[in-house]
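Here is a friendly briefing to read alongside the model. Have the sequence and the 3D view open as you go.

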Amino acid sequence: MGNIKQKDLILYSGLIILGLAAPYLFSAFKVQLTYLCVLIVLAMTWNLQGGEMGYNSFGNILFYGLGMYLTASVQVGMFFPLAEWTESGGEKTFVHTTAQYFQGIGVGLLVAAIIPTIVAGAIGYAILGLRGHYFAICTLGLGIAAGEIAGGIEIIGAGQGFTTPPFPAEIVDPEARGQFFYFLSFFVLVVAFVFVKYIYGSRFRLILNAIRDNEDKAEAMGIQTMKYKIVGWMCSAFFCGLAGGIMGGLIGYIDSTDVAFDGREMGVFMVLMAILGGKGTLWGPIIGATLFHFFKEGLWTFILGWQYVALGVLIVVIVVYFPEGLMGWLREKYPERFGEVIDEKDRKAQVELK
Amino acid sequence: MDFLIFKAPMLMVQASLDGILLGILFALIAYGMALQWGVMNIINIAQGDLVILGGYIAYTMYLAGIHPAWGVIVAPIIMYFVGVLLYKLVINKVVDRDLFISILATFGIAIVFQQLMNFVFGADVVVAQSEYGTTMLFDNSVTLPNSKIFSAFISVLYAVALVVYMKKSRLGRAIRATAQNARAAKILGVDTEKVYAATFGINAALCGIAGALISITLTLHPYVGLPYTVRSFMIVIVAGLGNLPAVAISGMGLGLFEEFADYILGTEFRIGAVFMLLVFILVYRRFKLSKKREYLK
């Protein structure tokens, strides 16, 4: 990373300062900002295997929900009996001390990052052998099956849900909870960005792109595609698990199908955000997620009740009329900004051919 | 194993009969899916929601005092036009595109349908009473609602009618020709655009029939469409495109699997089991195919 240009340096430091100052500047919107960070992380890491690798997964929600349940379970299970907690609103009988709460969420997030990564690695060989739409449908099935199964397991609350430990009452500052979750998610966002940025400059990305463009030829060139596909999916799973863990703590309540394995919302959002911004670009998912979040928050309150109709229409419109996304559209319009040189003669010849 | 179902053989008979009758219904939906997948190369995630919409048409008739069984005639007619409209609005723009685009676009349609049905019909689980009574078999130990027998009979009737129609009629021939080679069909004067619209309409009509039958045999709820999509997808993968006997058999197999999963795992895992079966089938298929995979063509 030694050759960061002057312009980039200003951009990045500006963004980091903005990110650090945001909870103080817009202190009423801390929860929304936390959501935004999580959405960006999800879109960016979905893009790693959806946009770069060409494996469009609907099932990354599996890792997100898994991370959410794992964080909460570890946070409770480290200090109190988990079954009693979920059975009868344990948060009233058992109270986490401040130290226990933070210890719990720390270890919980660690577990929430590692276990989904391992799960992705374990099922990767079987699932990633599927191509194209079979992969999409299979992962869709996985995500929904996980939600249905989690809704039947007693120890994590089954259908009635799981209340995550409340923020320690000893911290009286009312701002503290929002700030804690915001900085946590912002930290994850920065880590995810640095990671994705690193991947964008590496050979790994070229291999992923080769897999996307023509997997058989990539294989013929001597690339062990399966290995790279699994690693690519594991990268996504790692950050999805972390994001899920943070969201579980922030929302404070886990329901199997409406919060954790929420294929109808989060699972679609991450795909949509990446497509809106432009698949296969570094900034696309970030811009897409930000736009989508503003749009959603504006829309959701004004057309209460009709939000899912609007969401569905939005999906259709984006996918049918705008499949290249914002970055793809810009690229079409201003190719020289993206470092692409157009051969005028060649272009004219192409037009004449048509 | 001490599952109840293995102790009582009559429960086995009950589950098998239920499963087979249910499976015939699934096969009807799957046939529609195979039709439009084969002809237009589109995977329609909104398939299940079309089914539920058909069911609600029958339910509305039931509320209006008409016997819901007439829904098997009215629902397909309305659904045909819904299907054609849907094709004109969205589907015709995704026909030649990447399959992922069609999956995502129909996913969006599914969300819209679910929510609109939620507004119009409410979020309650409803059922249209057919009042056909039940048949008792084997000394009253197996109960079979007559509505299930009726629905299986109607499904078979419609499936046979459709097969004959596809074989004999002009439109049927045009649809089959387009499925084989859209370009050649176009050259020989088939208006493929019309054929696509008709195919999607017929698919929606089949969904309408299945939905009307579901409204009297099972229950309706705005959000239960996706399991029907997944079931039909599974049946089509196992049976292959355009192989009707195989579709019927694998539909019945799926029905049997579900009824037994219901008894063995418990009702709360029923839908979960369906989705897990989907994953297992796809993974099994992947390993089977990878044995004879050709690398570069």
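This is a predicted model: local features need pLDDT of at least 70, side-chain atom pairs count only at pLDDT 80 or more; totals for chains, interfaces and linings use all residues.

Residues are numbered from 1 along each chain as its sequence is written, and chains are lettered from A and ligands numbered from 1 in the order in which they are written. Helices (H or I, at least four residues) and strands (E, at least two) are DSSP runs, numbered from the N terminus. A residue is buried if 20 or more other C-beta atoms lie within 10 Å of its own, exposed if 12 or fewer, and partly exposed in between, with C-beta atoms placed from the backbone. Two residues are in contact if their C-beta atoms, placed from the backbone, lie within 7 Å.

**Chain A as a whole**

- Chain A contains 16 helices and two strands.
- Its radius of gyration (taken over C-alpha atoms) is 21 Å, close to the 20 Å that the globule rule (2.2 Å times the number of residues to the power 0.38) gives for 354 residues, so chain A is as compact as a globular protein of that length.
- The C-alpha trace of chain A spans about 75 × 45 × 45 Å along its principal axes.
- Of the 354 residues in chain A, 45% are buried.
- Among chain A contacts between residues at least 6 apart in sequence, 82% join residues at least 24 apart.

**Helix α6(A) and its partners**

- α6(A) has 19 residues and reaches 27 Å from its first C-alpha to its last, close to the 27 Å expected at 1.5 Å a residue; the expected span is 1.5 Å times one less than the number of residues.
- Since 16 of its 19 residues are buried, α6(A) is largely enclosed by the rest of the structure.
- Helix α3 (residues 61–77) of chain A packs with α6 (residues 132–150) of chain A at an angle of about 30°, their axes 8 Å apart; axes are lines fitted to C-alpha atoms, for helices over the stretch in contact, and angles run from 0 to 180 degrees between N-to-C directions.
- That makes α3(A) roughly parallel to α6(A), on a scale where angles under 35 degrees count as roughly parallel, over 145 as roughly antiparallel, 65 to 115 as roughly perpendicular and the rest as oblique.
- On the α3(A) side the contact uses Ile61(A), Leu62(A), Gly65(A) and Tyr69(A), and on the α6(A) side Leu142(A), Gly143(A), Ala146(A), Gly147(A) and Ala150(A).
- The residues of this contact divide into six nonpolar, three polar and no charged; Ala, Val, Leu, Ile, Met, Phe, Trp, Tyr, Cys and Pro count as nonpolar, Asp, Glu, Lys and Arg as charged, and the others, Gly among them, as polar.
- Gly267(A), in helix α12 (residues 266–277) of chain A, is buried, with 27 other C-beta atoms within 10 Å.
- Leaving aside neighbours within four places in sequence, Gly267(A) is in contact with Phe58(A), Ile61(A), Gly143(A) and Asp262(A).

**Where the chains meet**

- In the interface, 34 residues of chain B are in contact with 34 residues of chain A.
- α5 (99–121), α10 (225–239) and α12 (270–291) of chain B each supply at least two residues of the side that touches chain A, and the largest share, 13 residues, comes from α5(B).
- By class, that side of chain B has 27 nonpolar, four polar and three charged residues.
- α6(A) and α5(B) pack at an angle of about 30°, with their axes 8 Å apart, which makes them roughly parallel.
- Here Gly132(A), His133(A) and Ala136(A) meet Leu99(B), Phe100(B) and Ile103(B).

- With twelve of its 15 residues buried, α10(B) is largely enclosed by the rest of the structure.
- The buried residues of α10(B) pack against α6 of chain A together with α2, α3, α5, α11 (244–265) and α12 of chain B.
- Tyr228(B) lies in α10 of chain B and counts as buried, with 25 C-beta neighbours inside 10 Å.
- Tyr228(B) and Ile29(B) are 199 residues apart in sequence and 7.9 Å apart in space, C-alpha to C-alpha.
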